[in-house]
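Here's a quick tour of a few spots worth a look. Have the model open as you read.

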Amino acid sequence: MTKTVDFLVGIHNHQPVGNFGHVFEESFEMCYDPQIKILFDHPGVRISLHYSGPLLEWIEANRPKHIDKVAELVERGQVEILSGGFYEPILSAIPEDDAIGQIEMMNGYIEKRFGHKPSGMWSTERIWDPCLPRIISRAGLKFTLLDDTHFYYAGLESEDMFGYYFTEKHGDGVIVFPIDKTLRYSIPFKLPEETIGYLKQAGERPGVDCVTYGDDGEKFGVWPGTYKWVFEENWLPNFYTALEDNSDSIRMTLFSEFIERSPAKGRVYLPMASYDEMMEWTLSAKSGERFEEARDTISEMGKMNEWKQFLRGGLWDNFMVKYEEANRMSKRMLYVSKKLSSALRNGKNGRLDSARRELYMGQCNCAYWHGLFGGLYLNYLRHAVYEHLIKAENIINSAIQKKKNWIEISRLDFDADGNDEVIVESSHIFACFNPSYSGCLSVFDFREVNFSVTNTLTRRKEIYHRKLLEHQADDKPDNDQPASIHDIVNVKEERLAEALIYDDHERHCFVDHLLDTQVTLANFSRGDFLEIGDFAGQRFDIINCEKSGDSASLKMKREGVVETGGGAKQPVTITKSFTISGDRPVIHALYEVTNNGNIAIDLRLGVEFNLTLLASDAEDRYWIGDAISGKPRLKNSGEDKNVTNIGMRDDWFGFEVMLSSDDVFDVWRFPVDTVSQSESGFERTYQGSCIVLLLPVKLNPSEAQTFNIDLAVKKTK
């Protein structure tokens, strides 16, 4: 008698908050809709589906009949809908109340739209944290799917990966299913009969009652080469037909049904983990290279299957260390979440439900990390996070602030690095100053257009840059079957390796460089120069931080040195005083440079600013200033002499950002581009524009020189 094995399938469909409309549309037409149409033709195939909230909202607004079709599949028992955080957050990376709120929002949507009360959920990026049983159970759900990687790390063996386990935290329990990695890599890339054979072989093993598959729906049509293979060449209907033809040995079962008729294999406690690739991506380039070396060595020894449970990368949270920009977004999100919670505790209701939704949208995970997909490197995804967080905060402020024009200043460890930052908030701006790192301005948000003008990215070495340098660009598979996205290497631009430039400091505003006369724009833009001072990236001390009337002020100082030749070093002090008024979106900076040495100094102070309008080659984003003629696009580098202002204008969002001074200065300006990988290959991405104001500093011993600089934003429509 043929043994029957239950085959449990979970498909996760998602598009991030802030993705382009045409991407939603193309993905729908090439992937999501054809999946459902084919499923209708194969009633013997039963699966669990998860749609993220951003995708559901787009479908509701643009293709609502698709939801009706899925609801019909649910009604006839062919589909089970999985819940999850509505806007696809990493649940362990957001406050617990937000995590539960996001799941409850999705639960409510599923019950209302599909007529189905969910019992399980899709875990974003299959990221597990031991705190999650409490969150999942408090949200009213019973089970989730995780990679078998998690279970190996818990000490289980390959024969233990079939079925489900029970886990808990302080008595709050949840069921966890291990996803079969072999299937994750073979579906849809191998022929249907190979997968059918694997399932049958698994079913013949002692103690194997079910095999679980769970992965991204975008593998079925959106990933490179898959639409032709999956739909035009009929892989998906052929696979479904094969499953139906083998129903005597492979039974398609929904997760909730399997739980009802089969007991758990036991209790398990899982460590913090995600899928293998994600844990590698969290490592620094240096650590990642060593990890690859260790993995290759173990493979060459023939010990991978035996030792793989002891070989792991980092934790998802390490992205907050690897990319300071991800950390800043995360802490900005936490800041807004705390403000919302405080407003709710104090009875400030009003429109706070809409603020909560905006906050939840700002928690969408995709912009907070980077791996195979563009993620953090895509400026429009980061912009969407900031846009929704700023909108949320504007709604909260309208509920808690009594005056039209207001300002507040506070000193706290905003970015959780053990050092205090200074936060200045007004009715017009949000600003974060970082005394411990260059005394810089690290966050500058313009509330009136919901735009973070400091949403830039530092150019960093990535482990995959080696592939580009070694010219390992070959996206042609060995046969007619599509290659896995993990194996494709494609270069979108000739000579792209020449754009690999790495910064030795983070890209912020009011970063101070002491430069000799030999440094040029070309040197500076490529990071090919030596500092003769020790101010960029170094600590400034807070001298004063206070609010007086309708303005806030911050004063910082660093006593550093400048090299004057022959290895001699002269003591120099830079003092920066910032003043912000509650009624204007302007930061006024007063610099004082003092020569504390015993010989004269003659150099240039370069004050660096990194700002973004998101696009460098758009006709509605361009340079402005008293030395600028026409509307040169932001991709243009330039050097301007003897000017008093320089800025950028955005006719799409309707605002401009301007740097100006009572003093005359020279300017260097250039685009900051990164080279990163995405699902479609290596690409250059604009991350911001660097502006350096060059001010001559000529001081005799004990002399001081002052400069003023205004950083201003204003609406233009």
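## Two helices in contact

Contact here means heavy atoms within 4.5 Å. This is a predicted model, and by that rule Leu56, Ile59, Glu60 and Asn62 in H2 touch Pro64, His66 and Ile67 in H3. Sort the residues of this H2–H3 contact by type and you get 4 nonpolar, 2 polar and 1 charged.

How do the two helices sit against each other? H2 covers residues 53–62 and H3 covers residues 64–75, and they pack at an angle of about 115° with axes 5 Å apart. Angles from 65 to 115 degrees count as roughly perpendicular, and H2 and H3 are therefore put in that class.

## Aromatic rings

Now for the rings: with centres within 6.5 Å as the cut-off for a pair, the count is 39 aromatic pairs. Take Phe86 and Tyr87: their ring centres are 4.9 Å apart and their planes stand at 75°, so this pair is edge-to-face. Are these two residues buried or exposed? Both Phe86 and Tyr87 are buried.

Elsewhere, ring pairs tie Tyr275, Trp281, Trp316, Phe319, Tyr323, Trp369 and Tyr377 together as a cluster.

Definitions and conventions
Residues numbered from 1 in each chain as written. Predicted model: local features only at pLDDT ≥ 70, side-chain atom pairs only at ≥ 80, totals over all residues. Heavy atoms only, no water. Axes fitted to C-alpha atoms, helices over the stretch in contact; angles between N-to-C directions. Helix = DSSP H or I, 4+ residues; strand = E, 2+ residues; numbered from the N terminus. Parallel < 35°, antiparallel > 145°, perpendicular 65-115°, else oblique. Nonpolar A, V, L, I, M, F, W, Y, C, P; charged D, E, K, R; others polar. Phe/Tyr/Trp six-rings, centres within 6.5 Å; stacked < 30°, edge-to-face > 60°. Buried < 20%, exposed > 50% of the residue type's maximum accessible area, 1.4 Å probe, protein only.
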